[in-house]
Amino acid sequence: MSRPGWEDVLPSPSFGGSLHEAWFTTFDPPDSGLLVEHVLPSLLGASHSLSQDLKERSLFFGELGSALEALRGRLTVISSPPHADRKEAQYPWLWRYVSHFTVGAQARAVQHAKLWAFHWKAENEEWLELRVSSTNLTESAFKDQLQAGWEVKLPLAGRVTDRTRRTWGELIPFIDALADSAGEIAAARLQRLKTLLARVECPGGVTFIASVPGKKSAARQLKPFDVSEIHVMAPTVGDWDWRELSAWGADVGIGLDKVHLKWIPANHPWVASHGWAMSRKAKAALEDAGVKMESISNGSRLSEQHQDADSRWSHAKLYLLRSRAKRRLLVTSANWSRSAWGAGKETPRNFELGVIFESAWTDLETIGEPFDPPRTAPFCLNREDETPFSTLQWAQALWNGERIEFHLRSTDSSMPVTVAVSFAGGTEKEHRLSGGTLEMRWTDTECAPLSARFTQGVDVLDVNVIDIRPPAEFAKTPLPEVDPADAAALREAFLLRRYGGPAVDPESVFGARGPRKPSVAGGPAADFAVQAWLDARAAFNVLDQWRVALAQVAGDRELTAAVRQDGEELRTLYGRGDTPSCRLVAEELCWRLNEIA
Amino acid sequence: MKIPSRVTFQLTLGPVICIEVASIHMKERSTWSWNFTAPWEPISVRRGDALGFRAAADHFAELLAPGLNNGSSDARWISILSWCLKWSHVAWQNAGGSDLSRRDEQQARYAWLRPLELLWVARALESGQASGQLRGRRSVERWLTKGQRPANFAMTDEQYRRYRQIGTYGAYRVMLRTIPGLTEGDGWTPASVAHRLADLVNERLPRDARLNDAIFGDGTKWGHWNGKEARYWVERGWSGWRDGADRARGMLPVPDEDTRKPLPLEERRLLEPVLFGEQSILRIAALELARAKSVSSHGDLCAVLATSRELSKTVGDASLALLPEFSHFADATMHAMRGLWGELNRHGEKQAPPIADLARLSDLRHRFDQLRAAGDRWLRVPGRDRLAHGYVVTRLAEAMRDAATPIRQITALVHHHHEFGGGRRWFREQDRKLVPLVAHTGVVASNYRFRLRSLSLLAAQCGVAAMDRAIDAMAQHDFNDEEEAQ
């Protein structure tokens with residue numbers, strides 16, 4: 001595949017499938033507004049939208065909350081720890097449904113990779129979609145930046161084999177290391193991704209290039225490609241010195257005079273974004289080392305569709321490798337820095353991930369022209385370290401419905417640490433942590449814990465509380481952002497719809513007071529069919545769909561518990577119905593629930 | 001426990017139609033690709049419920065203008081949508097659609113309707129019309145500029161998906177579903193009046209742009225078009241969509257300059273009886289608004305409606321009594337919210353001014369004095385406990401009453417916003433500072449309203465009464481901002 005596509009940044013359901021599990025990695029902490037208003041509704045194929053109209057808004061949040069509840073434990077985000085002053089988040093309840101982990105559980109690490117993986121299911125087919133890109137889970141990454149990415153959708157076989165898994169090369173050790181770094185619960189989630197990778201082979205002609213903190217220089221992974229020339233475009237160039245640059249070149253197996261860095265001149269529109277940075281010291285080192293710096297002119301475009309009016313700045317990280325008659329392109333998260341790649345004995349500090357493949361796309365070679373000072377000079381900016389040192393390296397807060405467990409890794413065991421927990425409803429409680437762990441009893445499901453702020457001296461580390469309550473307990477927490485009076489009706493309506501029941505009828509949801517009865521066939525018979533038969537078929541269809549869902553999760557304790565909880569709620573709902581079919585369905589659900597109890 | 005076997009049964013209710021599913025088998029699509037990201041224009045998220053008063057406001061709106069919303073303000077679109085519903089229903093049924101009870105089936109049904117909505121927007125633009133209710137206009141303009149080549153009218157997947165709610169059909173869907181004669185009660189299947197409206201629209205189209213049943217019985221392979229409905233309409237079903245657009249302005253969406261003018265008589269005769277039937281609440285409310293003398297503001301109109309004997313006979317004596325005080329308090333609160341937002345942005349987007357500094361500003365103090373006075377009026381009004389969702393309103397009024405100092409008043413309002421506001425919040429208090437939570441352009445600071453403008457415009461277009469005075473008064477507020485944050 002040589003020419004780049006021009007794709008929507010928002011991921012969306014593929015081929016009519018529904019999302020079964022998702023994994024996201026991002027550098028910046030994920031933006032909850034972006035997730036709630038755009039990414040998740042798109043991934044889930046939501047029918048309703050966030051509107052000024054109250055009913056539509058309630059349907060939106062009811063649908064989203066119900067869908068997220070069904071996927072709880074299967075939506076994972078892994079980022080770097082948010083050491084910078086954290087913006088107050090919109091929709092703090094989101095993190096009850098989406099688990100946000102950070103790296104650094106074992107040793108200091110920066111999570112800079114952007115790997116998104118989606119497990120899709122439709123009828124009897126399953127697929128794995130992988131996206132490797134430069135896109136963080138933030139609104140500015142989506143809106144203000146132009147990103148490059150690689151993606152694949154693969155049908156999954158039923159059989160899991162080690163041989164298949166090994167075809168993914170460096171991706172597997174990368175996932176293992178990420179799992180180690182993000183804590184036990186994240187590791188279990190990533191294990192499921194590894195299992196999927198053992199069900200389908202890596203596409204031919206594709207090689208993963210991965211950086212893992214503390215491991216060998218990732219630049220060495222480029223050496224087998226016998227590179228004779230390399231063209232680099234990345235918005236950040238690290239503070240290289242001559243020795244490190246030489247080591248990097250040796251790792252790749254290339255003379256530095258064969259490295260062409262595509263860089264912006266000081267008058268380029270992207271300067272205003274503050275997204276591009278190279279220090280004067282690094283520029284001098286590159287010049288000393290013989291790296292060829294080439295100017296990206298104001299009119300340069302990355303693809304046919306890239307218009308002059310496009311005000312976004314490029315956050316893409318691209319490396320075009322020439323070797324004999326071949327060209328290969330590396331699409332990656334890695335800036336050109338020692339932290340991203342490592343060099344010689346210096347190990348990478350970051351998790352980075354990229355994909356390399358043969359490409360006839362030569363635009364990166366031709367995009368640059370020599371700088372011509374004083375008309376054009378390379379833009380230089382000394383940027384502060386994005387990840388300043390903090391004694392607080394990693395933290396996690398888990399709530400199981402009975403107690404909140406806090407875990408912290410600090411480089412200073414002598415200085416006291418406090419943790420302030422924020423709860424739904426606005427209350428806050430502060431405790432002192434000793435020995436890196438703390439347990440706090442908390443059973444109030446109405447005021448669920450949302451986030452925890454660890455403070456040690458001047459260092460602060462915020463984490464979202466990971467909700468690991470069993471499904472039956474979780475169901476006690478009201479749906480977010482909807483009137484409590486409508487929440488139960490919304491919940492039941494979307495539960496029925498999830499199992500093949502009728503489309504949600506706003507009239508039956510809003511203003512419905514008192515015990516609700518299940519809507520069955522969705523509407524009156526429009527022909528000579530007998531209504532009772534239609535109702536019966538609709539009700540038993542829901543039951544059948546539930547049984548299929550139960551069979552599909554057999555062997556997975558957590559998922560079985562979730563489907564069982566759905567069954568309990570369906571039984572309650574049909575138990576309130578006053579038709580023979582409702583009674584029969586409630587009865588059969590009762591038997592089946594008892595059987596799996 | 002042994003589970004007894006269930007007797008299964010199946011009734012064949014009609015001919016089984018095989019639908020060619022649009023999904024593509026993965027085995028054919030397992031190749032990888034690389035790409036750059038296309039520009040992303042996030043659909044603006046309406047953040048119009050800053051105080052959590054929307055439910056209470058909707059209570060009054062439902063009393064006065066049931067079935068309408070702020071977007072349903074052009075009666076012409078009811079005619080056009082009737083035409084769209086009629087012909088998209090034929091196409092959908094030909095393509096195998098029959099049942100509308102489930103979400104997937106409704107989505108399939110809408111997939112046949114949406115291109116027609118957008119083609120009417122395109123037709124209006126092609127005619128040279130630049131105003132009126134043309135939802136999706138920017139995308140359609142791009143689509144036209146690029147020779148109609150981009151898929152889905154040049155909308156992104158997200159925009160195209162959400163058009164179901166934010167498009168024209170979404171604005172009129174409740175009316176189409178709830179007003180007898182427009183649909184069979186499902187919002188999809190055209191009923192008698194919709195058929196007549198559709199025929200009227202069709203007759204007024206130039207001959208080459210009209211649709212007829214013969215077009216749909218031409219041996220089309222319908223399965224082929226599932227998933228490509230937009231292409232079907234543009235290339236096959238309504239390939240004459242732009243024919244005579246310049247000569248047919250009479251049946252296009254109403255441009256802004258004509259929104260208060262009555263529609264042609266023939267069209268009014270069909271629309272008025274269904275929208276404004278004798279003794280209907282819409283007619284009574286519209287007539288009350290039209291009859292109101294010496295009204296000069298939205299607040300005056302609320303007072304007129306609250307004291308209307310005709311309305312009280314229909315909706316109950318006490319139902320509207322709270323409307324003036326509620327509206328006054330809500331407007332005063334939004335006035336104070338906009339004042340805070342304005343000051344926040346005066347300090348620059350990244351700054352967070354101390355609340356103590358804000359409390360010293362005379363303009364803000366004046367706004368909060370007005371807010372407290374309006375809150376006191378609300379607390380004195382009899383029967384406020386009967387208002388559904390009124391506790392949110394009362395809670396804010398009490399909080400303002402109990403906040404003795406300007407600092408506490410600001411803090412109380414900010415806390416209320418954070419606790420009860422719907423959707424994105426504008427700001428919050430942190431360390432005694434006011435911290436912005438959205439970009440300075442991200443706030444929709446409109447007041448709480450009760451669909452009176454939509455009601456008045458529809459009434460004017462249907463010839464119920466002359467509504468100019470009421471519409472002019474609606475534009476005037478009790479509290480005017482010199483610098484409104486939008």
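These questions and answers explain how terms are applied to this predicted model.

Residues are numbered from 1 along each chain as its sequence is written, and chains are lettered from A and ligands numbered from 1 in the order in which they are written. In this predicted model local features need pLDDT of at least 70, side-chain atom pairs count only at pLDDT 80 or more, totals for chains, interfaces and linings use all residues, and side-chain values use heavy atoms, with hydrogens and water left out.

Q: Why is B:Trp112 called buried?
A: Buried means under 20% relative accessible area, exposed over 50%, and partly exposed in between (1.4 Å probe, protein chains only). B:Trp112 has 1% relative accessibility, so B:Trp112 counts as buried. B:Trp222 has 10%, so B:Trp222 is buried too.

Q: Why is A:Asp176 called partly exposed?
A: Its relative accessible area is 32%, so A:Asp176 falls in the middle class. A:Asp176 sits in helix α6 (residues 171-182) of chain A. Helices (H or I, at least four residues) and strands (E, at least two) are DSSP runs, numbered from the N terminus. From A:Asp176 to A:Pro224 there are 48 residues in sequence and 23 Å in space, C-alpha to C-alpha.

Q: What makes the pair of B:Trp112 and B:Trp222 edge-to-face?
A: Rings of Phe, Tyr and Trp (its six-membered ring) pair if their centres lie within 6.5 Å; planes under 30 degrees apart count as stacked, over 60 as edge-to-face and the rest as tilted. Here the centres are 5.8 Å apart and the planes stand at 65°, so the pair is edge-to-face. B:Trp112 belongs to helix α3 (residues 103-126) of chain B and B:Trp222 to helix α8 (residues 222-225) of chain B, so the pair ties together parts 110 residues apart in sequence.

Q: Why is the pair of B:Trp225 and B:Tyr232 called edge-to-face?
A: The ring centres are 5.5 Å apart and the planes are at 65°, so this pair is edge-to-face. B:Trp225 and B:Tyr232 are both buried.

Q: How many aromatic pairs are found over all chains?
A: The whole structure holds 56 aromatic pairs. Ring pairs also build a cluster from A:Trp150, A:Trp168, A:Phe208, A:Phe357, A:Trp361, B:Trp32, B:Trp34 and B:Phe36.

Q: What makes B:Arg123 a charge over the ring of B:Trp120?
A: A charge sits over a ring if NZ of Lys or CZ of Arg is within 6 Å of the ring centre and within 35 degrees of the ring normal. B:Arg123 lies over the face of B:Trp120, at 5.9 Å from the ring centre. The charged end of B:Arg164 sits over the ring of B:Tyr110, 5.7 Å from its centre.

Q: Which residues touch the most other members of the largest nonpolar core?
A: A nonpolar core is a set of buried Ala, Val, Leu, Ile, Met, Phe, Trp, Tyr and Cys residues joined through side-chain atoms within 4.5 Å. Among the 148 residues of the largest one, B:Trp83, B:Trp233 and B:Trp238 touch the most other members. Helix α2 (residues 75-94) of chain B gives the largest share, 12 residues. A second, separate core has 102 residues, including A:Leu193 and A:Phe371.

Q: What makes the largest cavity a cavity, and how much space lies in it?
A: On a 1 Å grid over the protein atoms alone, a cavity is a set of points where a 1.4 Å probe fits but cannot get out; lining residues have an atom within 4 Å of a point. Grid points are joined across faces, edges and corners, and a volume is the space filled by probe spheres set on the points. The search finds 5 cavities of 30 Å³ or more. The largest has about 110 Å³. Of its 14 lining residues, the closest to its centre are A:Arg131, A:Ser133, A:Thr135, A:Glu151 and B:Asn35. The largest share of the lining, 4 residues, comes from β9(A).

Methods. On a 1 Å grid over the protein atoms alone, a cavity is a set of points where a 1.4 Å probe fits but cannot get out, and a pocket is an open set with protein on both sides within 12 Å along at least five of seven lines; lining residues have an atom within 4 Å of a point.
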